[in-house]
Each structure stands twice: as C-alpha cells, then as structure tokens.
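Colleague: Could you take me through one spot in this model at close range, and then show me how the helices around it pack? I would like to have the cut-offs along the way.

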Amino acid sequence: TLPGDITPLPAARQLLMGETLALVEGGAYLLALLFLLAFLLVWPLIWIIRIIRGRRNSVPFVAHLAPWLAAFNALLLTGFIAGLIIGLVQLAQNNDMMLFYGLPAEWRPLFILPILVLFVTAGMLALSVQSWAKRWWSIWERIYYSLTTASALFCLLILILWKTWAVWLG
C-alpha cells in the first residue's frame, strides 16, 4: 500500500494499542455524544410540556434553528464515530495491518464530517450566546442548551486532538 492510499489517523493506533489517554479520550467523546443525543429526546419533551401548559414561546425564527442545529450535530458526530468504527472493524476482520496507521483512502470522505461539525458547533455556540443575551427561553432551557453546546464543543476538541483534519491539511 502506498502512503497516498492511506487516510492517516494517528489516534486509531493509540486506541487499538489500548493506550490509556486514547481510551479516556474515546470514552469522554462517547459520554459527551450521549449527552448530545439525549437532546433528541429532551427538547421535544420540553416543547410538548410548553404546549400542554399553554405557554407559547414567541422567539425569533433563528431561535427555532437552535434545536435543529443541535440535532444535526448529534447526527454528524454519531455518523463520524460509527463510520470510524465500521472502517476499523473491517480492517481488523481482514487482518489488514493498515489498521495501525489509518483507513484506506476510499474512507477519506468520512473526514468531511468533522469539518461540518466545526461549523455547526460554531452556530450552536453563537445561538447559545444569543439565547442568553436575548432571553429566548426559560433559564432551564438556556442552561440545558448551553450544556448541550458544551458537549458538542467537547466532542469537537476530541476530534481536534485525534487530528481528524490531518486528512485535508496534509
């Protein structure tokens, strides 16, 4: 296999070798992702409770985008880690030593997801700040959305530590 045929992923080797820091990072990523995925259940419940209580939120259109950004980010982060796991498992099943260096080049499009996560997380952060500045929701909703944004930022930090951008930056 030629070097251009490999999508580099230094964290893969560290994870597979059972290095403590890599395992902690992987576990932390999964915990933050679970918190972000819980948003898909909690926010609709908040919306239903608001309707039952007869409390309609008159917020600007952009405030209605905030939950959709969080949901989209959860799907992007889940898709990336699922694709990564699938790729690594396929290499392991084929007993391919490339496993310790990265993924085959045909998996390179998977690494577009972390770039999308960067932009969506920036949008979440901006909307979280706006929700506090303009008091779009109740205090508890703002706290919950801010924690959800923090979990997305944490996942993004792990993706940066794993050098997922190395695929595109060289």
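**A close look at S151**

Modeller: The side chain of S151 comes within reach of the backbone oxygen of T148, at 2.7 Å. That is a polar contact (a pair of N or O atoms within 3.5 Å; within protein, one must be able to donate a hydrogen and the other to accept it, and residues adjacent in sequence count only if both atoms are side-chain atoms). Do keep in mind that this is a predicted model, in which local features need pLDDT of at least 70 and side-chain atom pairs count only at pLDDT 80 or more, while totals for chains, interfaces and linings use all residues. Residues are numbered from 1 along each chain as its sequence is written, and side-chain values use heavy atoms, with hydrogens and water left out.

S151 sits in helix α5, residues 139-161; helices here are DSSP runs of H or I with at least four residues, strands are E runs of at least two, and both are numbered from the N terminus. S151 counts as buried because its relative accessibility is 7%, where buried means under 20% relative accessible area, exposed over 50% and partly exposed in between, with a 1.4 Å probe and protein chains only. Leaving aside residues up to four places away in sequence, S151 touches A32, F35 and L36; contact means heavy atoms within 4.5 Å.

Now to the packing of α5. Helices α3 and α5 meet at an angle of about 30°, their axes 11 Å apart. Axes are lines fitted to C-alpha atoms, for helices over the stretch in contact, and angles run from 0 to 180 degrees between N-to-C directions. The two are therefore roughly parallel (under 35 degrees; over 145 is roughly antiparallel, 65 to 115 roughly perpendicular and the rest oblique). From α3 come A66, P67, L69, A70, N73, L77 and F80, and from α5 come Y145, T148, A152, C155 and L159.

Stepping back, the chain has 6 helices and 2 strands, in the order β-α-α-α-β-α-α-α. Buried residues such as S151 make up 40% of its 170 residues.
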